Amino acid sequence: MTKTAAAALGRPGDLEDREISITTPLPGPRATRMIAEAKVHLSPSLIHVYPLMVARAAGCMVEDVDGNVFLDAQAGVSAAATGHCHPQVAAAMAAQATNLIHICGTDFFYPAYGALAGKLAEHAARLESTVTGASPHPWQVFLTNSGTEGVEAAIKLARQHTKRAHLIAFRGGFHGRSLGSLSLTASKSKYRKHFGPLLAGVHHAEYGSLESIERDLFARTVNPEEVAAIVVEPVLGEGGYLVPKREFLAGLRAMCDRHGILLVFDEVQSGMGRTGTMFAAEHFGVIPDIFVLAKGLASGMPLGAMMARGSTMTWPPGSHGSTCGGNPVAIAAALATIGLLEGSLLDNTRAVGAHLRARLTTELAGVSGIVEVRGLGLMIGIELATPELADAVALGCYQRGLLVLECGDKAIRISPPLIISAAQAETCAQIFADACRAAA
Ligand code: PLP
């Protein structure tokens, strides 16, 4: 960002050009005090993987309240897609905030809602015509405040459209924490403990295995004619950053077509450019009946989307809505985000993602405790030998000024802002390897 652009946003423009700089013990004195004070009033359900108290952030850099500067390789759990406080995103939000902050898209029209729905529908239709070669169907969009609400909307639409009750999801999958989406989530039992009974009619199969659906579910527990939807992450996120074989997703498509089941791709984490294409579906050449999007959609503003062809989106007026879902300011952030993706951001994601994965593979070769480096674009997972090692590596990265998060049982996810430079990727690979060597 230029200094002028940054100044116009009311913050110093130097942060995004800074190097990592850790000048206090971590956490520093101000962070220690502020965390202790805050914790008194915070829900203990919040995780706080390490004691980071963020003061501000720009681009790929995050500054804590003690002036320590970190390189962000997790992008606020993959949501800050365009980097922190991207000037175009911030300016679009500021302009919208002076015109209309809220009116309620369920009950009234405003231009931003239609503009974003049109943009998302255009990208879905483009993908559909590329994959099928046929002229695309019109897609329609319902906007939400979050990923979990997008999944709830998909569950409701699938049941309403098919008039069937049962749903299939996968062990290892994460779809959110509200009671409907939580019923699909099966990545860790602690997310579900003591929250039951959850939604009736949900069945879990093994991720990556078509046979598990045929053998364990269709043959034994649920007739396919009673199944409304199969809900799947085309790249497993929270469950471990696993990329399935194309045959799995193509096989699900064929299975759904055979039995009149809707195929739902939960692209809350994998969508909006994260894997180097607008939707991860593009890598596999498989089109779902319903897409769910959130996280990077609005660069971290609370916004989600549930999108289906008009022929599927058959629920009647009043059957679903949301007071703030599709908030105009969040939509302004989303339109600016998509503009950046349509510019050079997807290319950067593919190029720097491939470079970062290659550098991690090289740096980690021969380091004990490393099982695998995998991923697509800037959705990169590193599988370690034990959960304890994964904990130690995540903490070691933080202490060295690199922010990463764990996923799966014993993996680390690298999901930086999609604007990350090759030089920052190099720093990320080196620090990550240092942390692994020290923890091994
Ligand atoms: N679906 C997937 C694939 C996710 O990764 C997440 C969050 O991590 C969700 C749904 C829930 O999204 P949110 O936290 O915005 O409700």
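User: How do you know which residues and atoms count here?
Analyst: Residues are numbered from 1 along each chain as its sequence is written, and side-chain values use heavy atoms, with hydrogens and water left out. As the model is predicted, local features need pLDDT of at least 70 and side-chain atom pairs count only at pLDDT 80 or more, while totals for chains, interfaces and linings use all residues.

User: Why is H12 called oblique to H13?
Analyst: The axes of H12 and H13 (residues 422-439) cross at roughly 130° and come within 8 Å. Axes are lines fitted to C-alpha atoms, for helices over the stretch in contact, and angles run from 0 to 180 degrees between N-to-C directions. Angles under 35 degrees count as roughly parallel, over 145 as roughly antiparallel, 65 to 115 as roughly perpendicular and the rest as oblique. H12 is therefore oblique to H13.

User: What makes the contact of H12 with H13, and which classes does it hold?
Analyst: Contact means heavy atoms within 4.5 Å. H12 brings Leu-389, Ala-392, Val-393, Gly-396 and Cys-397, and H13 brings Phe-432, Ala-435, Cys-436 and Ala-439. Eight of these residues are nonpolar, one is polar and none is charged. Ala, Val, Leu, Ile, Met, Phe, Trp, Tyr, Cys and Pro count as nonpolar, Asp, Glu, Lys and Arg as charged, and the others, Gly among them, as polar.

User: How do H5 and H11 pack?
Analyst: H5 (residues 111-132) and H11 (residues 328-364) pack at about 30°, with axes 9 Å apart. Their contact has nine nonpolar, one polar and three charged residues; among them are Lys-119 and Glu-122 of H5 and Glu-342 of H11.

User: What volume does the largest pocket have, and what lines the pocket?
Analyst: The largest pocket holds about 1,400 Å³ of space. Its lining has 49 residues, and Ile-47, Val-77, Arg-177, Leu-405 and Arg-413 are the closest to its centre. On a 1 Å grid over the protein atoms alone, a pocket is an open set of points with protein on both sides within 12 Å along at least five of seven lines, and lining residues have an atom within 4 Å of a point. A volume is the space filled by probe spheres set on the points.

Key. On a 1 Å grid over the protein atoms alone, a cavity is a set of points where a 1.4 Å probe fits but cannot get out, and a pocket is an open set with protein on both sides within 12 Å along at least five of seven lines; lining residues have an atom within 4 Å of a point. Helices (H or I, at least four residues) and strands (E, at least two) are DSSP runs, numbered from the N terminus.
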